[in-house]
Amino acid sequence: MAKLTDVVNMEKREEIAVLIINNPPVNALSSGVRKGIFDRVSVAIEDVSVKAVVITCAGRTFIAGADITEFGKAPQAPSLDVVFDLIENSRKPVIAAVHGTALGGGLETAMVCHYRVSTATAKFGQPEVNLGLIPGAGGTQRLPRIVGVQKAIDMCAGGTQVVAEEALKEGLIDKIVEGDLLTGAVNFARKIIAEGRPLRKIRERNEKIEEVKGKREIFEEARKTFGKTKRGFDAPQANIDAVEAAVNMSFEDGLKKERELFIKLMMGSQSAAQRYVFFAERECVKIPDVSAETPQRTINKVGVVGAGTMGGGIAMCCANVGLPVKIMEVNRQLLDKGLGICRRNYENTASRGRITMDDVEKRMALIQGTLSLEDFADVDLVIEAVYENMDLKKEIFANLDKICKSEAVLGTNTSGLNVNEIASATLRPENVIGLHFFSPANVMRLLEVVRGEKTAKNVIATSMAFGRRIQKIPVLVGVCQGFVGNRMLRQRGRETQKMILEGATPQQIDRVFFDFGFPMGPFAMGDLAGLDIGWNKTTSEGETLRDRLCEIGRLGQKTNAGYYDYQPGSRTPVPSTLVEKMIKEYAAEKNISQRVITDDEILEKSLYPMIDEGARILEEGIAIRPSDIDVIWIYGYGWPVYRGGPMFYADLVGLNKIYDRMLEFQAKEGDFWKPSALLEKLAKEGKGFKDFRLGSRLTH
Ligand code: T1G
């Protein structure tokens, strides 16, 4: 391959022109790439010695889509449509040679070519829906003509990808190349020339859409399905509309419909939020004072202390990626119970067809139970996951300090205790770090990585990389009570607990949260998690409503009663007249007057305190950037991704509005509503959290 000097290079393999796109890291279709493709293809078409054109990419992948960083900026010529018209109307065959992933505009580029070949490991998708969009360059019109309407709906509305083997079966590609892709593609080009094969245009192939003309039920069924699985999202529905247009309209009219739907989504707040989150997730691993080149320690063996819900889930995260893990408990009964839960979780997953029974055995074989901490002498990383008792944690870390090898990383899964204090129980505080998983640990993607005051930089780098390796989204936070997520959650809880005493019901508050886009509200969530978390039976004296519920055995779903009633075997919350009576009695005891509380007030009083706490967290350097806080809330607490996270949402509301409302609440209800200095500053300057400058390092 000739030296690649431009974002699009061209070389000749005798009569075959080869275009090589070289726009690292993922060959996105930037304006330079679009221009390069247009110019090179134009030259190739005019060159009488050229009989066919192959389009391929350098680096790790075929085109991964339009350049998302260009969205929202003034469009630069040539547009994709212009480039695509040139390719599709070429009088010489154009062949796409795909490796890695052909995604979004990448797959659309491949589909305007006359033929497509790929490596056996290539994947194909239209993931625009994950950015709150639909394909905007013909993907919703060409894909159904190739793979059929149902598969096109799954790919466009669901964002599912297909692997090369399935793509070949569906006719999305024409050949899987063994060996060198470019050589295979050039040989394929020569073959179609020799055979005089036609210049096929997908836009002219209608057999697969004719089959479903008039069958509205396919689309109605899809709308129902995605209405449930993607409740509140606009893009999945728009994708279904666009694919339906491919069936009911001419190709040109379908393109117009697609363009109209695309622009509407692009201009909307949901796509702005989802594109923001796309970059926010990738920003999290960029730590101002821990460079990407920081050497990492090798993690080949993990030890988990505690085989309870969290410990078992953490062990599963390791086994899921092939990491051997030892899990320790204090007695055989608890250990077997914990291992049994791991096995049952895997078997449930297998029963849904997402893994095989063979996978279950392979993963369980990677999880080795033990009753002795001495067995952790050879592990590279320990994750302590016992219950939240500082003395116990310090005792465990003191023992680990004696047992583990010097370079072992010692992690604690504490959900909010002081990591520095835990580290002080060892002679190696530089090796101690918080690894706060979210329950259920084998499901929730967020991992709060808690940097202690003495945590070494290579331990931070190792922990962040470990988080990504076990398919989590690691976010670095500093040491304070509750770190970031739980610290903000506590502020929200303060207000929701107050509002149910002032006249709002648990079901009203939960409905407001559900309608906002959360999977469930705080009271239903409390019942699901168990109201007795952190509740102390021996010292409980009915001080709070939660205490009173626990004291009469209403612990939540597990007792078929909490804030709500539950029919045996059902998880559906039913408003409880008993609880409503308890709330009224408790409010009367505390002389709390009742009033009607609107949905709007519920939302403001629930979200503004947590947003302001986020501002304090930034002031203190406990989080590096506002978008880290947003990632925490999306992946740890179910904040709807199409609303971008609390700090993104706050900028949409306007910090000046939030600031003014908090002052109003402060005047009425007290100084705990006093806005933070950062919120006040940004509001008065007419700015948003997006203008916040990075914290240079975390305080501890
Ligand atoms: N545009 C710009 N930058 C992108 C990008 C894109 N499409 N995709 C990735 N990046 C950056 C990313 O921010 C990161 O930057 C680096 O590349 C590596 O990414 C017209 C309108 C391809 C599967 O939605 O799914 O086409 O942090 O860490 O884990 O109809 O990137 O290093 O500075 O994710 O190996 C549709 C999005 C666009 C695909 C690779 N395409 N990308 O994953 O690396 S809209 C997508 C991905 C569109 C058309 C429509 C993944 C990946 P930095 P990474 P990875």
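## Surroundings of the ligand

Around the ligand there are 26 residues, a residue being counted when one of its heavy atoms lies within 4 Å of the molecule. Among these 26, the ones that come nearest are Arg60, Ala66, Glu108, Gly136 and Arg282. The model is predicted, and local features need pLDDT of at least 70, side-chain atom pairs count only at pLDDT 80 or more, and totals for chains, interfaces and linings use all residues. Residues are numbered from 1 along each chain as its sequence is written, and side-chain values use heavy atoms, with hydrogens and water left out.

Individual atom pairs can be named. An oxygen atom of the ligand lies 2.7 Å from a backbone N or O atom of Ala66. For Arg282, a polar side-chain atom is placed 2.8 Å from an oxygen atom of the ligand. A polar backbone atom of Ala64 is 2.8 Å from a nitrogen atom of the ligand.

## Division into domains

The protein comprises domain 1 (2-266), domain 2 (302-479), domain 3 (504-589) and domain 4 (599-691); these bounds come from an automatic or database domain assignment. Between the C-alpha centres of domain 2 and domain 4 the distance is 32 Å.

## Interface of domain 2 and domain 4

The size of an interface is often given as the accessible area lost when the parts come together. Between domain 2 and domain 4 the buried area is about 880 Å², with 72% of it from carbon and sulfur atoms; buried area is the accessible area (1.4 Å probe) that two parts lose on being put together, summed over both. On the side of domain 2, Leu446, Ile473 and Val475 lose the most area to domain 4, together 39% of what that side buries. Contact (heavy atoms within 4.5 Å) links 11 residues of domain 2 with eight residues of domain 4.

Zero salt bridges are counted between the two domains, where a salt bridge is a side-chain nitrogen of Lys or Arg within 4 Å of a carboxyl oxygen of Asp or Glu. Strands β16 (446-450) and β17 (473-477) each supply at least two residues of the domain 2 side, strands being DSSP runs (E, at least two residues) and helices likewise (H or I, at least four), numbered from the N terminus. The most is given by β17, with four residues.

## Salt bridges

The whole structure holds 64 salt bridges. One of them joins Glu220 to Arg223, with the closest N and O atoms 3.1 Å apart. Because Glu220 and Arg223 are three residues apart in helix α9 (residues 216-229), about one helical turn separates them.

Key
A polar contact is a pair of N or O atoms within 3.5 Å; within protein, one must be able to donate a hydrogen and the other to accept it, and residues adjacent in sequence count only if both atoms are side-chain atoms.
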